[in-house]
Amino acid sequence: MNMSKTFTSRLSDLNLKYLMGKLSSDGQKVKHPFWVIVEKEISDHFRSVRFMILMGIVILTCMGSLYSSLSNFSEVVKNSEDEFFFLRLFTSTDGAMPSFVVFLSFLGPLLGIGLGFDAINSEQNSGTLSRIMSQPIHRDNLINAKFLGALIVISILFFALGFLVMGFGLFFIGIPPTAEEFLRFICFTIISILYVAFWLNLAILFSVKFRQASTSALAGIGVWLFFTVFYGLIVNLIAKAKAPAQFAPPEVVIKYQVFVKNLMSIVPSQLYSDATTTLLRPSVRSLGPLTMEQMAGAIPNPIPLGQSLLLVWPQLTGLIAAAVLCFALTYHMFMRREIRSK
């Protein structure tokens with residue numbers, strides 16, 4: 001409680017100095033209240049036991065997938081059809097554990113939900129939110145800072161984890177990544193951050209919607225379980241009911257496959273999997289069914305990074321649109337809600 005009062009009093013002083021245009025004692029301009037809240041959020045996340053536990057789980061599982069990839073790396077390189085050996089660290093496995101990409105696809109939503117499910121309701125239940133809003137600070141600064149602070153923490157973790165995997169790979173393999181491999185890794189990391197940002201926005205939305213943090217956490221985990229487990233079962237039932245006959249024409253089979261693919265495109269993890277698989281495996285030339293006429297004359301060579309980005313642009317747009325939609329709903333609800341102590 002004393003820390004909350006100290007923070008609100010400091011924020012009040014900074015707001016007054018900022019609004020009056022004063023300078024600090026060393027001649028530097030006072031920070032905008034928005035960046036003060038962002039720094040406070042980043043500090044709280046890094047010091048929280050919850051983040052330490054989530055970070056430990058993500059790091060341990062990803063190191064396990066790296067070990068699984070390195071143990072089977074010689075066979076992967078021997079059977080590889082392209083020269084992008086370094087990217088195989090993120091996608092290959094010996095079968096004992098899932099790959100690095102699969103682990104991020106599974107644990108990324110839990111990280112986003114864990115950082116955002118109590119972003120607003122915990123502040124309101126403790127009475128801190130009403131004291132912060134009583135200062136000369138805009139509401140949108142608070143909700144934007146909550147999201148940006150958690151997103152910066154996620155970005156730091158993902159880039160650090162990715163460079164750690166690359167460092168271990170360079171140490172054990174002895175082959176440095178090429179410029180295109182490095183750019184593909186950067187694009188892969190950015191897409192991973194966008195993927196977790198969707199779940200972060202969804203968790204903050206539930207934090208604004210529900211008064212109790214436990215309710216918002218269960219709601220976020222429930223949505224994650226639905227898309228991870230139950231939605232695939234529902235799509236399998238629909239696909240089984242709509243399956244064409246055994247000797248159906250190729251056009252009917254292709255339409256059926258496109259229909260099933262469109263149903264699965266609603267799932268954020270499927271969008272993330274399609275995008276990352278295409279970026280980390282340059283030999284992938286299409287994400288949908290192809291006819292024999294379309295495959296005729298195709299050269300089985302890796303495609304450039306620009307073509308891979310064009311290929312995954314619909315998936316990337318879908319992830320961005322889902323994240324923006326959740327954030328817009330959160331922003332609208334937070335700006336219109338009544339804020340008062342419990």
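I begin with Leu 115, which, leaving aside residues up to four places away in sequence, touches His 45, Arg 50, Phe 51, Ala 150, Val 153, Ile 154 and Leu 200. Please bear in mind that this is a predicted model.

Leu 115 is also among the residues with the most contacts inside the largest nonpolar core, together with Phe 90, Phe 100, Leu 104, Phe 158, Phe 188 and Trp 199. That core has 82 residues, and helix H10, residues 179-209, gives the most to it, with 17 residues.

Next, the aromatic rings. How many aromatic pairs does a search of the whole structure find? The search finds 19. Phe 46 and Phe 51 form one that is edge-to-face, at 5.4 Å centre to centre and with 90 degrees between the planes. Phe 51 counts as buried at 1% relative accessibility, whereas Phe 46, at 31%, counts as partly exposed.

The rings of Tyr 195 and Tyr 272 are stacked, because their centres are 4.5 Å apart and their planes are at 15 degrees. Tyr 195 lies in helix H10 and Tyr 272 in helix H13, residues 268-280, so this pair ties together parts that are 77 residues apart in sequence. Tyr 195 is buried, with a relative accessible area of 1%, and Tyr 272 is buried at 0%.

Ring pairs also link Phe 90, Phe 100, Phe 159, Phe 163, Phe 182, Phe 185 and Phe 188 into a cluster.

Finally, the cysteines. The count of disulfides is 0. Cys 187 counts as buried at 18% relative accessibility, as does Cys 326 at 8%.

Definitions and conventions: Residues numbered from 1 in each chain as written. Predicted model: local features only at pLDDT ≥ 70, side-chain atom pairs only at ≥ 80, totals over all residues. Heavy atoms only, no water. Disulfide = S-S within 2.5 Å. Buried < 20%, exposed > 50% of the residue type's maximum accessible area, 1.4 Å probe, protein only. Core = buried A, V, L, I, M, F, W, Y, C linked by side-chain atoms within 4.5 Å. Helix = DSSP H or I, 4+ residues; strand = E, 2+ residues; numbered from the N terminus. Contact = heavy atoms within 4.5 Å. Phe/Tyr/Trp six-rings, centres within 6.5 Å; stacked < 30°, edge-to-face > 60°.
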